[in-house]
Amino acid sequence: MRAPLSWLREYVDLPAGETGRDVQAKLIAAGLEVERVEQLGGGLKGPLVVGKVLTIEELEGFRKPIRFCTVDVGTANGTGEPQEIVCGARNFSVGDKVVVVLPGAVLPGDFAIAARKTYGKVSHGMICSGEELGMGDDGTHGIIVLPQEYEPGTDAIELLQLVDEVLDIAVTPDRGYCLSMRGIAREAAIAYGLPLRDPALLDVPAPNAQGYPVQIGDPAGCSRFTARTVTGIDTEARSPIWLQRRLQKAGMRPVSLTVDITNYVMLELGQPLHAYDRSRLDGPIGVRRAEPGEKLTTLDGTTRVLDAEDLVITDNRGPIGLAGVMGGADTEIADHGAAQGSTEVVVEAAHFDPVPIARSARRHKLTSEASKRFERGVDPQAASAAAQRTVDLLVLLAGGTAEAGVTEISAPGAPHTLTIRADHPDRVAGVAYGRETVVRRLQEVGCDVYGQDELIVTVPSWRPDLTDPNDLAEEVIRLEGYENLPATLPQPPAGRGLTVRQRLHRRVGRALAGAGYVEALNYPFFGEQALDHLGLEADDPRRSVVRLANPLSDTEPALRTTMLPGLFAALRRNHGRGEHDLALFETGLVFLPTGKETTPARLPIDRRPTDEEIASLNAALPRQPRRAAVVLAGAREQAGWWGKGRPADWADAVEAGRTVAREAGAELIVRQDQAAPFHPGRCAALFVRVDGQEVRVGGAGELHPRVVKAFGLPERTCAMEIELDLLERAGTVVEAPHVSSFPVATQDVALVVDSSVAAADVEAALRAGAGELLESLRLFDVFTGEQLGEGKKSLAYALRFRAADRTLTADEASAARDAAVAAAVERTGAVLRGA
Amino acid sequence: MSAPNKSYDPVEVEALKPEEIERMRDEALAAFAAAGDLEALHEAKIAHTGPTSPLSLANREIGALPPQAKAEAGKRVGMARGAVSKALAVRQTELEAERDARVLVEEAVDVTLPYDRVPAGARHPLTTLSERIEDVFVAMGYEVAEGPEVEAEWFNFDALNIAKDHPARAMQDTLFVQAPDKRAESEVVLRTHTSPVQVRTMLDREPPIYVICPGRVYRMDELDATHTPVFTQVELLAIDEGLTMADLKGTIEHMVGALFGEGLTTRLRPNYFPFTEPSAELDMQCYVCRGASAGDPERPCRTCSSEGWIELGGCGMVNPRVLIAAGIDPEKYSGFAFGFGIERLLMFRHNVEDMRDMVEGDVRFTRPFGMEI
């Protein structure tokens, strides 16, 4: 809502020197979001005067038609001689009154005017358009042609009210009444402690049976309907300058006198109005829900198929308007000045239920000044005053005659009353306002207040938002000033700190960052293409996705079931920007349909849902476990003065899995695997033990070359993905090891096995065979070569033996080693090398 | 030194003559002094103190002397040997020090050589900033609560007093999950705020409740310099007996002090949210210009656009209707809540000019933020 300060002053006697910014500060403190104060005519300097066009000479030979004019500007030019001006506009004739800016003047935008040579003539000033004067675009791009009544030489700055300040206010949904000058003036009056001249306090004639017939078929949707008729409207009459200017300043474009008046009264009182050309109405006006499939062409020229929920205005022919949203083209007021101009007008001031209006506006994607107001709640008591104000202006400005008939249908509705404790606002704010202040503030916003400790509060008709005790508390607290609230610090009970899950999440992030990975937070959306690029089989569970009904992008309509495509995109982006040695990680949720999702019942909110009801809500949701994933490409270690670099490879990816598992206190079990999207020979499945059971928690390895190609990744890109929520369950509490101070006995063994034997299996066998004297075991070399024979590899291990209570003898250590080797021989077919 | 007593000893041994001993000693001292390195010294050591050195040989001769001459000769030789071994030790120390100094100089390196063998990783500043805020509150006794991102509408809207016809529930604002039957409404959305976590917490726990709810949220929006459809929120919820707006204000001021330094004022402006009543917009004094840029064209402030204030987020007293839906007695308990977007906080706390930088995962943006913020 744009509120011109000059207009606001009509209802409140604000102090004379008060600027727009002063008023802005006061209104912000009272809770109106005044986003900015627009300075109209800022920097504007005259002379800017009314001129009368005396002669027009059409200049030939230019690319566009140009006029050389002489204009009578009275004595404004100091000489009284006609002013010679070149003008490119054509929408005026000799004798017209126009607005002339003379040399020495400055127009908005620091546009200094001087006599200058143009099109072979000297132009001593300019004939002005509305745009040039900062009045807003009137759509014609022509110059302003004024009514004849103004004398040449009259100051146009004042005449056109060019200097003003406009408060631009973002009205919150609860403050519908502030979509009117009346409402803003009320807030300003309270903020300044000044009286309000309420423009809705008008004498209104009593309803009678002679008014235009109206039939309300849906009293719930339309609780009030006032219809008034004005005849004998002068179709030549135009909106006076003051009216046009107020509309323009409020952000509306003047259209025609009747329409301008209805818009003006809406801006003034907040009541949307509609004017019908009576000659185009066929029978009584009705209000009902639309029949499914009924059609209506609205004023914007769009033909709309109506829904059974749409509230419509009808006459005998059917719908003639979408109630509270937009009128129909059939009964539109014809332009003034047109041969068929409307001379008889039926004015509608109705009150509609916010819900159907909001739904219709949304359904038809049609937001109007009227629907905006009805959605937020219009003062039902203002309807007849608004109708009266419209009639008055039509009589005054359009020369019309008000018919005596007054139709007024209103469903009886009691004013809303609620009871609060007098100290309720105090208890909400933490401030002792006292009963007197509470009562005074509630009265200021328009409430009737009775009672002592218990206050019985009747809220004003324009505040349908005041329904609960806390609403009233807010009124008191905001008017007393949020800025005056004290600051106190409550004492929460002692907390337990972060949960295991939360700490794990943090530790994983730190560990991966510590290992050189950079976190990327990717959108969790993907599409069919990513699933195909990953090379997933048709029955791969990752293809079972949660889909969005209205995705941001049609190509990514689903929620991720794997973290990898998002990381791939980030990797590719970095690569494209010239970073080639990359290690990225992300932690976040994946969304895994259970396949058993149900649509939850609509639960009430006037009580706690039962545990069963809560369970039914949760049953509607997919599983959403948290995962960690990495992707890496290029060099893992840079080459430099210290020596060679090392490319990132599958082992880094698997190690990232171990890093994450270590943070969870879980031992990662790595197994050879063949699964998309990985290279079939360089793919690890990651497991942990949860409650004695091995559970798969993720995968790692080098990506399949086809996947690399499909996603446009650097060659040999590697990746890892692991589920943190499962790891958390695998975590064990560390038991402190017994640290023996007896000497260590080291034994190295080299075992030859088939290439297909997993090192992990050899290691497991060695450990099992070595027994409890084994302190540690480390694979320090893997060797393949001709001397081993085709399909063989040699694994060299360093075994460290130590006893807790004695120095081991050489025989003891050798026996333990032999037992370890024997186990490996038995389980893996290993042959001791050099034996 | 006194002259030898020739009359005293009939058996003269040439090697034990005092002048001979002195010569041997002086030769040894001269050899040590002349040794330029430890090797030369070692040779001199063998020559002058070894078993075949003149002094050692002389020492051996002592035994052949008559008893009365032994003592004097022994003393003479002993003193000479003592002087030699002392000189040797001194020279040894000198030469070792010289060698050490030389070797350490030779081993010197250029310690300014860069070392980026494995470039440092980093956590995303949105993550670390969220955690920073969590930690402020955890230190006060609050706990961190989490919830699903795909959420039932009842938790995301209804329970928060956002009625079915509220504009926020329109397709242009909220991302809806498709129902298995595509024509039906699933009643499931991508959560538009972390407030459903508050509802879940209230259903799970008995008051007093003091929790902070960080997380990702989703709104229908175009990604541009100041908007992203997927963003991060941190919300706070406190439910206890007798909580007031003054408590809300004090809590906010504490947080602003912890994040931006003490002494910054905060400002509440009345606003409207369905889930709080009274509701307020929450501003903090600009931590850069401390309000001095407002109305002073001479001192423009980039951080607050010369407003003097920075909009942090929304807050208010939990609407009693929300308490009822969550099974909490509004007669007994009251509560406050506030929430704000971490992206915006990051923008003005660290002068991030384009929100897309937080979304794209460019390592050049994230790396400088390191592990903590």
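This is a predicted model: local features need pLDDT of at least 70, side-chain atom pairs count only at pLDDT 80 or more; totals for chains, interfaces and linings use all residues.
The side chain of Asp818(A) meets that of Arg817(A) in a salt bridge, with an N to O distance of 3.0 Å. Arg817(A) is likewise classed as partly exposed, at 22% relative accessibility.

Arg507(A) is partly exposed at 35% relative accessibility, and Glu663(A) is partly exposed with a relative accessible area of 21%.

In chain B, a salt bridge connects the side chains of Arg23(B) and Glu20(B), at 2.6 Å from N to O. Both residues lie in helix α1 (residues 18-34) of chain B, three residues apart, or about one turn of the helix. An α-helix has 3.6 residues a turn, so residues three or four places apart point the same way. Arg23(B) is partly exposed, its relative accessible area being 37%. Elsewhere, salt bridges with shared partners join Arg636(A), Glu637(A), Arg646(A), Asp649(A), Asp652(A) and Arg117(B) into one network.

Chain B contains twelve helices and ten strands. Its radius of gyration is 44 Å, well over the 21 Å given by the globule rule for 373 residues, so the chain is more spread out than a compact globule. The C-alpha trace of chain B spans about 135 × 55 × 45 Å along its principal axes. Of the 373 residues in chain B, 53% are buried. Among contacts in chain B with a separation of 6 or more, 66% are between residues 24 or more positions apart. The accessible surface of chain B amounts to about 16500 Å², and carbon and sulfur atoms contribute 52% of this area. Chain B carries 39 positive and 62 negative side chains, and the centres of the two sets are 7 Å apart.

Helix α7 (residues 195-204) of chain B is mostly covered, with nine of its ten residues buried. The buried residues of α7(B) include Val197(B), Val199(B), Met202(B) and Leu203(B), as well as Arg200(B). In the loop between α7 and β5 (209-218) of chain B lies Pro208(B). The peptide bond from Pro207(B) to Pro208(B) is cis, with omega near 0 degrees.

A cis peptide bond also joins Ala676(A) and Pro677(A), where omega is about 5 degrees. Pro677(A) is placed in the loop between β35 (669-672) and β36 (678-690) of chain A. Most residues other than glycine have a negative phi, and most peptide bonds are trans. Against this background, Ser306(B) has a positive phi of about 60 degrees although it is not a glycine. Ser306(B) is found in the loop between β8 (276-285) and β9 (309-318) of chain B and is partly exposed at 24% relative accessibility. Asn351(B), another residue other than glycine, has a positive phi near 55 degrees. Asn351(B) lies in the loop between α10 (342-350) and α11 (356-359) of chain B, and its relative accessibility of 38% places it in the partly exposed class.

Technical notes: Residues are numbered from 1 along each chain as its sequence is written. Chains are lettered from A and ligands numbered from 1 in the order in which they are written. Side-chain values use heavy atoms; hydrogens and water are left out. Helices (H or I, at least four residues) and strands (E, at least two) are DSSP runs, numbered from the N terminus. The radius of gyration is taken over C-alpha atoms; the globule rule is 2.2 Å times the number of residues to the power 0.38. Buried means under 20% relative accessible area, exposed over 50%, partly exposed in between (1.4 Å probe, protein chains only). Contact means heavy atoms within 4.5 Å. Accessible areas come from the Shrake-Rupley method with a 1.4 Å probe; for residues, only the protein chains shown count as cover. Lys and Arg count as positive and Asp and Glu as negative; His and the chain ends are not counted. The place of a charge is taken as NZ of Lys, CZ of Arg, CG of Asp or CD of Glu. A salt bridge is a side-chain nitrogen of Lys or Arg within 4 Å of a carboxyl oxygen of Asp or Glu.
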